[in-house]
Amino acid sequence: MFRQTNKQPTSRFWGLNRLLYHGLTVAGFLALLTAVRKPWFSVPIAPPNGATSVREIVDSVPGCTVWFQAMIAMGVIWFAASWLMNRQWTIVSTLIASFLCLTPLSYPYFVMVRSPENSADAAWLQAQHDNLTWLGGDIYANAEYANMGWKSKTYLIDIPKQLSVINLPSWSPWEIGVHRCEDLMHWLGYSNAFCQFMGQGWAMAMVGGVFLFLASLQSQGKLIFHRAGVALIFFSTVAVLGAIVGWSLPFQAALEIREAAELCSQQQYSESQKHLDRAVAWLPVLGQDTYYVSQRGILDREQGIESDFATLQRAIALERAARYDQAFSLIEPLVESEIAAVRREALRGIMRFAIQDYNCVRFELSRERFELVLRHQPCNVKLIYLLQLQGIREARVDSVNRMRDRMVETTNRLNFGTKTILRAASQQHAAIASGLQGDPDIIWAALEKAKRP
């Protein structure tokens, strides 16, 4: 009798164990099936002809996403087949599950480094988000004068001079330390821009892979420790080799850039451009960097090549010489350029001019330029914020409310919790603008809405 009572808890324990592993298996399959159907990463952009409303906004999805979803689907099929062959999980099942974990882990690299247009669009929108919400940004810098003179005391903060998705190393590989972790993570694709626009599909792929990996470590409700050891060796080897390759490419690109700079200083422009192109081949996202676009324009100009790069470079030179009208006349047509990096830099230039016009109280001109940029970048949160300020200064309540609604629609596409700050600021602007109508009921309703952004 003593032995019988001793066995009951043990059998019940293994029964619960099996139930747990079965639950992990089912949850893992469901998560991976969701990952195949849901988006992994998407950036809201305007169609080629521009967007006049939020309904016309489209999602830009990296071309590599469909391949990763296909790999996940094949991995699920192989994982299920490994069980059907033996009617239990084996070491092969564990290795397949490890592959299912590695696949989504490598996805950010192929998005942020190997899909340049998508990553640059994401980095630009994230930069505008940061330009508003950091302590030196528009929201905090103007907090002291938030309710004075119908926003007449506000001063718009200029946008960053450079747009870059990742930074090239200026240090030796032997100088790697904890202080380099941010760069190392960015070189593998893990940045704020990726996290801001990642989709549910990528998160489900991560969760599903881990669940199936844990489920594959058991046999008849018992944990098989040697499988975990083999899987750990396989996982670590592939992950470390992949990280080393990912980290080595920026150093190679930096060498090519230094060689291109040296040749350019020696007036060997054709050879310099070859090295510049090699740098972009090593690191495709480099082709969207502001400094690359500028250097490419210098090389084209010196070689007598009439290109959009050269035109943009001439416009920037005129801007630096304070010949703004001449610079604008060159930049404006470039918003229709076939080169994505040139289009983006042209729009950035127009936005700089518009901010300068606003700060100089040239409201008609600034509004025209703000709206031009908004047609091509309908989810630029800083631009939406600035157009609300413009609407208050011009007593155009309808414009302020329209931009408030656009801010809500745009922030629905963001992941970070700081989007609440943007909504609160837009609701506050709408409340201030409602005071221009002089209707107490409208003012009260706007103030109440501003309390719950």
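This is a predicted model: local features need pLDDT of at least 70, side-chain atom pairs count only at pLDDT 80 or more; totals for chains, interfaces and linings use all residues.

Q: Which residue forms a salt bridge with Asp121, and how far apart are the closest N and O atoms?
A: The partner of Asp121 is Arg344, with 3.1 Å between the closest N and O atoms. This pair links distant parts of the chain: Asp121 belongs to helix 4 (residues 116-133) and Arg344 to helix 14 (residues 340-359), 223 residues apart.

Q: Are Asp121 and Arg344 buried or exposed?
A: To decide this, look at the relative accessible area: under 20% is called buried, over 50% exposed, and what lies in between partly exposed. Both Asp121 and Arg344 are buried.

Q: What does the salt bridge of Arg301 look like?
A: Arg301 pairs with Glu302, and their closest N and O atoms are 3.2 Å apart. Arg301 has a relative accessibility of 37%, so it counts as partly exposed. Glu302 is also partly exposed, because its relative accessible area is 37%.

Q: Where in the chain are Arg367 and Glu394, the pair that links distant parts?
A: The side chains of Arg367 and Glu394 meet in a salt bridge with an N to O distance of 2.4 Å. Arg367 is in helix 15 (residues 363-376), while Glu394 is in the loop between helix 16 (381-393) and helix 17 (397-411); the two are 27 residues apart. With a relative accessible area of 22%, Glu394 is partly exposed.

Q: Which residues do salt bridges with shared partners join into one network?
A: That network consists of Asp357, Arg362 and Arg369.

Q: What does Arg343 touch, leaving out residues up to four places away in sequence?
A: Its contacts are Leu334, Val335, Glu336, Ser337 and Glu338. Arg343 itself is in helix 14 and is partly exposed, because its relative accessible area is 28%. The side chain of Arg343 reaches the backbone oxygen of Ser337 at 2.8 Å. A polar atom of that side chain also lies 3.5 Å from the backbone oxygen of Glu338.

Q: How far apart are Arg343 and Leu312 in sequence and in space?
A: Arg343 and Leu312 are 31 residues apart in sequence, and their C-alpha atoms are 9.6 Å apart in space.

Q: How many residues does helix 9 have, and what span should they give?
A: Helix 9 (residues 225-265) has 41 residues, which at 1.5 Å a residue should span 60 Å. The end C-alpha atoms of helix 9 are 61 Å apart, so the two values agree.

Q: What about the phi of Val361?
A: Val361 has a positive phi of about 60°, although it is not a glycine. This residue is in the loop between helix 14 and helix 15. Val361 has a relative accessible area of 53%, so it is exposed.

Q: Which residues make the nonpolar surface patch of about 290 Å²?
A: Val26, Leu30 and Leu33 make that patch. Val26 is found in helix 1 (residues 2-37).

Notes:
Residues are numbered from 1 along each chain as its sequence is written. Side-chain values use heavy atoms; hydrogens and water are left out. Patches are made of residues with over 30% relative accessible area and no salt bridge: like charges are joined within 9 Å, nonpolar side chains (Val, Leu, Ile, Met, Phe, Trp, Tyr) within 5 Å. Accessible areas come from the Shrake-Rupley method with a 1.4 Å probe; for residues, only the protein chains shown count as cover. A salt bridge is a side-chain nitrogen of Lys or Arg within 4 Å of a carboxyl oxygen of Asp or Glu. Helices (H or I, at least four residues) and strands (E, at least two) are DSSP runs, numbered from the N terminus. Buried means under 20% relative accessible area, exposed over 50%, partly exposed in between (1.4 Å probe, protein chains only). Contact means heavy atoms within 4.5 Å. A polar contact is a pair of N or O atoms within 3.5 Å; within protein, one must be able to donate a hydrogen and the other to accept it, and residues adjacent in sequence count only if both atoms are side-chain atoms. The expected span of a helix is 1.5 Å times one less than its number of residues.
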